[in-house]
Amino acid sequence: MSMNPAAKNRLIGGLCLGGAAAIWGGMYVVSKYVLDYIPPLTLVVLRFAVAALVLGLVVWVKGGWRVERSDWGALARYALVGYTISISAQFIGTKLSSAHMGAVLTSASPAFIALFAWLLLRERLTLRKLLSLAVATVGVLIVVGTDQGDPSGGGSVLWGNLALVIAAVTWALYSVLGKSLSDKYPALTVTFWAAVAGAVFTLPVAGWEMTTEEIIWTADPLVWGGVLFLGIVSTALAFFLWLKGFELMDAGTAGLFFFVQPIVGTLLGWLLLGEHLTLAFLLGSALIIGSVAVSMKQAQET
């Protein structure tokens with residue numbers, strides 16, 4: 001029995017969104033290591049520059065550079081909110097707080113995605129969707145716990161956590177703003193120009209940062225491998241997959257896939273760092289996966 005086009009789109013969209021969130025599950029550990037050598041805003045510029053170069057080569061081969069003049073303002077807002085503000089706040093928060101807390105606080109994004117989708121896209125905020133969101137949020141809290149970072153960090157931890165909250169809210173707005181752009185242009189085109197604009201918008205503050213913070217120029221392959229991972233995998237690939245997923249399903253349901261991030265992050269800790277998988281992790285993961293399945297079933301019925 002062949003799959004109808006709508007169901008096929010939801011399946012492909014879910015795979016794209018789950019893939020992006022899985023990539024970001026390992027991003028916090030990588031960025032935490034690299035941030036010991038490169039300041040956050042400078043790292044943002046390097047990340048977007050690498051992504052723009054890779055995406056530019058792909059766009060050059062496939063074509064699709066053109067964006068209508070009337071849409072440059074929307075594209076600039078999209079890049080400013082999601083690339084410059086959200087990612088900068090994410091890196092600053094991760095540096096001042098902890099990688100673990102970064103996964104906790106930025107996992108609030110799906111709640112804000114559902115809210116912005118209701119306000120800006122007029123998507124229905126159904127009871128089932130709200131319950132799925134609540135259950136998934138409980139699952140995240142069970143998975144990642146309530147670590148408050150290193151107490152010795154003093155006020156810097158508080159500022160770091162605040163930056164992570166800003167990252168969560170602006171990421172949600174970015175995700176919803178991208179839906180109207182991806183309805184008009186290929187996801188590859190939007191992701192490329194957003195990466196270029198994100199690097200340009202962040203460059204002035206990164207230049208100021210370089211005069212106030214020390215950059216440790218090192219030949220450590222793990223540092224530069226981390227920069228390449230952040231640019232090619234976590235940005236060029238994952239941002240494309242995330243935008244493509246939002247193109248193929250409603251924003252409120254798509255946002256739930258962000259909850260895959262802490263599951264993958266914890267699994268990577270188990271595989272790479274020898275951390276233990278607890279019963280709480282299994283329970284929380286089951287709640288998250290169940291909530292996504294319920295929400296996807298509702299989307300199929302409507």
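A residue is called buried when its relative accessible area is under 20%, exposed when that area is over 50%, and partly exposed in between, as found with a 1.4 Å probe on protein chains only. By this rule A7, at 14% relative accessibility, counts as buried. The model is predicted, and local features need pLDDT of at least 70, side-chain atom pairs count only at pLDDT 80 or more, and totals for chains, interfaces and linings use all residues. Residues are numbered from 1 along each chain as its sequence is written, while side-chain values use heavy atoms, with hydrogens and water left out.

A7 belongs to helix 1, which covers residues 5-25; helices (H or I, at least four residues) and strands (E, at least two) are DSSP runs numbered from the N terminus. Although 242 residues separate A7 from M249 in sequence, their C-alpha atoms are 9.8 Å apart in space.

Rings of Phe, Tyr and Trp (for Trp, its six-membered ring) pair if their centres lie within 6.5 Å, and the planes count as stacked under 30 degrees apart, as edge-to-face over 60, and as tilted for the rest. Across the whole structure, a search finds 21 aromatic pairs. In one of them, the ring centres of Y33 and Y37 are 5.8 Å apart with planes at 50 degrees, so this pair is tilted. Y33 counts as partly exposed at 32% relative accessibility, and Y37 counts as partly exposed at 22%. The pair of Y78 and Y83 is also tilted, because its centres are 6.3 Å apart and its planes stand at 55 degrees, but both of these residues are buried. Y78 and Y83 also belong to a cluster linked by ring pairs, whose members include W24, F48, W171 and F258.
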